[in-house]
Each structure stands twice: as C-alpha cells, then as structure tokens.
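Here is a protein chain to look over.

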Amino acid sequence: MAPLSEQPDWLYLLRDYHETFGTGSSGGSDAIRSHRRRVREALNRVVQADPPILGRQPADKPVTAHLGRALDLAADGPLATMAATLRRLTGQFTWEWGYERVPRTLAQRYAYCELAGPNGPVHAERIVLGLVLLAPGTTYPQHSHTEIEESYVSLAGAWSENDAAVYAPGSLIFNKPQQAHRITVGERAPCLLAYAWLGPPARLAAPGMTFGR
Ligand SMILES: [Fe+2]
C-alpha cells in the first residue's frame, strides 16, 4: 500500500485540515483554542509518520446523491480549497451509517465517511477525521461520544445544533465528551460537515455510536 507521501491528494487533505484548524479565531474560548492546537499536533504526527493509505471498498449511500451539490456550495465558501481536494477524492470514499440501528428515514438522508483514523483510509491512531453529509431538512438525532471530544467544521449548508444558533460555512462547533447534540439542517441545501475527534486510541478504534432517547 502506497504511503501518504506518495498519494498527494490525501496529503493535501491533511494540510487543508491543518490550515482550517490553524487559521481563524477560537472566539475567545480557551477550550476551543486548546482543541484546535491538539488537532494540529495530531495531524503533524500523522504526516511525520507517513502512514500507509489503507485501501477500503468505496461505498455510496442514498444521501451521497447530494454530495455534488454540497461540494458546489462549498466551492463558494471559506473552505473552497478543502472542497476541491475532497472532490478529487470522492471516488475513494466509503460512506457508512455507523450506528447499529439507523431509523429508516435517516438512512435515506444521512451518512458519514472516514478520512483518517484507526480504520483509515489514512491510518491514524490518535485522531479521527471524517465527513458527515445530511440532506436538506434532515434532523440528525441526539447522540454523544463517550471519551471523545469532537468539532464540526461546516463546509456547506445552514444548520443548527441543539437549537442554539444557525451556523454558516466556516463555523466550528465544539462538543465536549459526553455532550449530547442534535443537528437540524435547513430546507434548501444539503449540509456537509468535516469532523475531527480526539480521544483515547482504544475509544477512537471502537467509538460505539448510539442515539440518545
Ligand atoms: Fe457528533
């Protein structure tokens, strides 16, 4: 399996993530500043290790029919460079549902794909990176992540978390471990989020996703 350094689009994607977590403001939040710094440090370690790109079987889900539109919208937003890199890699993405039980309506409207982590494609043990794609008008039910802190960076769409605010492309939302969150998406556009997880390697390898009640 060819290493990261020989597959430049995957390397550029990590650089795009690094840039996203390096530039811009933390909004005065020490917790977010610390999270962003630790994401960059984890990314630096991955690049230095030059890990293999693990070949995974590409897979689509019904919602991936919205990916083209989401990337079109992202191309006009603040993460246009990352969107262009993602577009070059789309044929290699493995879209999944992740949960043991997925409500039937959600199965039509939601999927995620991992970009880096214990299962690859870019092998990493201390960080997981991925995309979440949600169709217009979707509610992603309440969930939380045990021992894992998470940030979502918005590439496309208008969305809300816990009815707290409306987030536009370029926004970063931070969820502490165990913090329950529920996402809703506006009616006109799909929502594409890039996420980053930090946590104990054993937990990142087996996150055990379940929906709350
Ligand atoms: Fe989450």
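Accessible areas come from the Shrake-Rupley method with a 1.4 Å probe; for residues, only the protein chains shown count as cover. By that method the protein chain exposes about 10000 Å², and carbon and sulfur atoms supply 48% of it. This is a predicted model, in which local features need pLDDT of at least 70, side-chain atom pairs count only at pLDDT 80 or more, and totals for chains, interfaces and linings use all residues. Residues are numbered from 1 along each chain as its sequence is written, and side-chain values use heavy atoms, with hydrogens and water left out.

Q: What makes a stretch count as a helix or a strand, and how many of each does the protein chain have?
A: Helices (H or I, at least four residues) and strands (E, at least two) are DSSP runs, numbered from the N terminus. The protein chain has six helices and ten strands.

Q: Why is Ser154 called buried?
A: Buried means under 20% relative accessible area, exposed over 50%, and partly exposed in between (1.4 Å probe, protein chains only). Ser154 has 0% relative accessibility, so it counts as buried. Ser154 sits in strand E6. Of the 213 residues in the chain, 46% count as buried.

Q: What is Ser154 in contact with, leaving aside its neighbours within four places in sequence?
A: Contact means heavy atoms within 4.5 Å. With those neighbours left aside, the partners of Ser154 include Leu79, Trp159, Pro169 and Leu192. Across the protein chain, among contacts between residues at least 6 apart in sequence, 72% join residues at least 24 apart.

Q: Why are the buried residues of H2 said to line one face?
A: They are Ile32, His35, Arg36, Val39, Ala42, Leu43 and Val46. Seen down the axis of H2, they fall within an arc of 125°, so they line one face of the helix. The arc is that of the directions from the helix axis to the C-beta atoms. An α-helix has 3.6 residues a turn, so residues three or four places apart point the same way.

Q: What covers that buried side of H2, and what does the face turned away carry?
A: The cover includes helix H1 (8–22), strand E4 (127–134) and strand E10 (191–198). The face turned away carries the exposed residues Asp30, Gln48 and Ala49.

Q: What makes the link between Glu96 and Arg56 a polar contact?
A: A polar contact is a pair of N or O atoms within 3.5 Å; within protein, one must be able to donate a hydrogen and the other to accept it, and residues adjacent in sequence count only if both atoms are side-chain atoms. The side chains of Glu96 and Arg56 are joined by such a contact of 2.9 Å.

Q: Why is Glu96 called partly exposed?
A: Its relative accessibility is 21%, so Glu96 counts as partly exposed. Glu96 belongs to strand E1 (residues 95–96).

Q: What makes Asp50 and Glu147 stand out in phi?
A: Most residues other than glycine have a negative phi, and most peptide bonds are trans. Asp50 has a positive phi of about 45° although it is not a glycine. Asp50 lies in the loop between H2 and helix H3 (67–75). Phi of Glu147 is also positive, near 65°. Glu147 is in the loop between strand E5 (139–143) and E6.

Q: How do you know that the peptide bond joining Gly120 and Pro121 is cis?
A: Omega is about 0° for this cis bond between Gly120 and Pro121. Pro121 is placed in the loop between strand E2 (110–117) and E3.
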